[in-house]
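Here is a short briefing on one protein model.

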Amino acid sequence: MKKVIFYFIFFLILPTQIIASEKKVFYAGFSFSGNYIDKSSGIKYTDPLTNIKNENGVDIISLSLLKSVKKANPNSFKIDYNFADIEKGLEESVVMAVVLDHEDFFTEYEPITKTYLNNIQMFFQIIFYDFKSRKLIAAIPYDVSMPFFTKKELSENEIREYIKTFYTKGLKSMDGDKNINAFSMVEEILNSFILKEKYKFRAGVTKVSFEEKSLPFIPERFKKNQNYLKNVFAQLFSSRLSLHNDIALVPYTEGMAVGAKMKQQFVNSDKIYDIELPKPDFNIEISVRGFKKVLAKKSDVNNIFFWATFINLNIFQPELNKVFMNNNLKNVIQKSIPAQIENINDWYKFYIATYELFDECSLNIKNLNKDWIKKTNDSDGFSKDMQTVNKLMEKLK
């Protein structure tokens, strides 16, 4: 039996002034981000699950999350669970909530083993903000990728059942010793997180764009809502950059500026809250220049394909008009596909190629690898720019 594999990726937004160790933080529960989400697409599997409630009217996702949070024992603050009226709030209070930004589902059929490889990806954030001013204090995004195998193609209801199990009972981890769920990392994150109030320096992805050559390869469902896809790419890069370089990052929102807002809606309320985000001191702009698919070798048994992603990465300090890097990057993945497969999920391949590019770029900021430099951007200028960015990362810690 094949094992289910889980990947957890998270990073911390690290301000500089520590909140007093006795600081009380009010737990507000589970919520959705409203910036990019159309509930019929962006969270279509999770949203209906919030309607399944116990005899006290609490939904199954909130119950599962509360169990994970109550296991935590943070060092820098105390969690208070008596935040009874979210509509009225408290005059002076720091509020904590776990937010689902978006989710997506991929599937591919392997004819040799007659198996479907499925993958559901979810993006969460643990956020802290001042309830009175609605200003963000800190955010801890984490990403969950849940691959699993089935012998049949799943219906929408069956996908939802897998997610329901993942939220509640949990699914077997890679070693098979214990069940883990979507909130298994919450306890560990809260225990290691030092809650602070102010940032010395802030950096964040402030713009994501898709150039003309990329548009033909983007699925129609994303073309109708490019802001949603921009958020996905921003979070893919942000999580990798923070994980490998231990830096502070401001959550992405389209058109980042002074007074930018992050929308939040709790599952037990129709009211949408606008959380004010701090403005980054250092901007990161990502331009998706294009995608390319090439048939490299054809045979009666297997065909070898290449999928490539092309990105421009621009990191700069707008106040000083100082550019740290502005470079074109590329990544290519190769895969042998059985000749009898007619419908290949090209978008999933481009997605993986982009993910790998963001991951390797973030890793190489600290430790430059000549082979990676050669295949990504073989120029003296790029290597020097990466070293400059490394110095910036040290400044942001």
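How many of the eight residues of strand E9 (residues 203–210) are buried? Six of them are, so E9 is mostly covered; buried means under 20% relative accessible area, with a 1.4 Å probe and protein chains only. This is a predicted model: local features need pLDDT of at least 70, side-chain atom pairs count only at pLDDT 80 or more, and totals for chains, interfaces and linings use all residues. Residues are numbered from 1 along each chain as its sequence is written, and side-chain values use heavy atoms, without hydrogens and water.

**Strand pairing**
- E9 pairs with strand E12 (residues 282–297) in the parallel sense, over seven bridges; pairing takes at least two DSSP bridges.
- Val-205 has Ile-284 of E12 as its bridge partner.

**Helix packing**
- Helix H6 (residues 346–366) packs on helix H8 (residues 380–396) at about 80°, with the axes 8 Å apart.
- That angle makes H6 roughly perpendicular to H8; the class runs from 65 to 115 degrees.
- H6 contributes Cys-361, Asn-364, Ile-365 and Lys-366 to the contact, and H8 contributes Met-386, Val-389, Asn-390 and Met-393. Contact means heavy atoms within 4.5 Å.

**Loop residue Glu-153**
- Glu-153 sits in the loop between strand E6 (135–150) and helix H2 (156–167).
- Glu-153 counts as exposed because its relative accessibility is 52%; the cut-off for exposed is over 50%.
- Leaving aside neighbours within four places in sequence, Glu-153 contacts Tyr-116 and Glu-158.
- Tyr-109 is 44 residues from Glu-153 in sequence, and their C-alpha atoms are 8.3 Å apart.

Definitions and conventions: Helix = DSSP H or I, 4+ residues; strand = E, 2+ residues; numbered from the N terminus. Axes fitted to C-alpha atoms, helices over the stretch in contact; angles between N-to-C directions. Parallel < 35°, antiparallel > 145°, perpendicular 65-115°, else oblique.
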